[in-house]
Amino acid sequence: MKQWIGYCGLDCEVCDARIATINHDEVLRKKTAALWSALNGVEITAEMIHCTGCRVAGEKTPFCDTICAVRKCAAGRGVETCADCAEMEYCAILKPIVGNNAKALENLRKS
C-alpha cells in the first residue's frame with residue numbers, strides 16, 4: 001500500500017485518474033476531468049487524466065507531473081513522502097492538502 005501513498009499522503013490507489021488510466025475507462029476519465037475542472041476553476045480535459053500514481057514510474061497528470069508544489073519539494077529533498085521530512089507538521093506547502101483531508105495526514109503519519 002505504501003507505494004500508492006503520494007508524497008502528500010493522498011492515496012493514489014483510489015484516485016479516479018489512476019483508476020481510469022489502468023482500466024482504460026474513458027467515461028471515468030471524462031467524469032474526473034469535469035469534476036476536477038469545477039473544483040479547481042480551470043479547464044482540465046479528459047486527455048489530461050492519465051496517471052499511474054505519484055511516486056511510481058509511468059504517466060502523470062499535468063498537475064502532478066509539473067505543477068504540484070508538494071511533489072516538487074519532496075522529490076527535491078529526496079524524501080519518500082512528506083512524512084520523512086522534519087518540516088511536515090508545519091509545512092506551508094503541504095498544509096492546503098492535509099488541512100482539507102484528514103485521511104492524507106493519517107496516511108503520512110502511518111508511513
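Which residues lie nearest the centre of the largest pocket? I started there.

**Ground rules.** I am working on a predicted model, where local features need pLDDT of at least 70, side-chain atom pairs count only at pLDDT 80 or more, and totals for chains, interfaces and linings use all residues. Residues are numbered from 1 along each chain as its sequence is written, and side-chain values use heavy atoms, with hydrogens and water left out.

**Pocket.** I found L10, W36, N40, F63 and C64 nearest the centre, among 40 lining residues. A pocket here is an open set of points on a 1 Å grid over the protein atoms alone, where a 1.4 Å probe fits, with protein on both sides within 12 Å along at least five of seven lines; lining residues have an atom within 4 Å of a point.

**Helix α4.** Next I looked at α4 (69–77); helices are DSSP runs of H or I, at least four residues, numbered from the N terminus. Its buried residues are V70, R71 and A74, buried being under 20% relative accessible area and exposed over 50% (1.4 Å probe, protein chains only). They sit on the same side of α4 because they cover an arc of only 95° around the axis, taken from the directions from the helix axis to the C-beta atoms. K72 and G76 are exposed on the face turned away from that buried side. Just after α4, I noted that G78 has a positive phi of about 75°.

**V98.** Last, I checked V98: leaving aside neighbours within four places in sequence, V98 is in contact with C8, A104, L105 and L108, contact meaning heavy atoms within 4.5 Å.

Notes: Helices (H or I, at least four residues) and strands (E, at least two) are DSSP runs, numbered from the N terminus.
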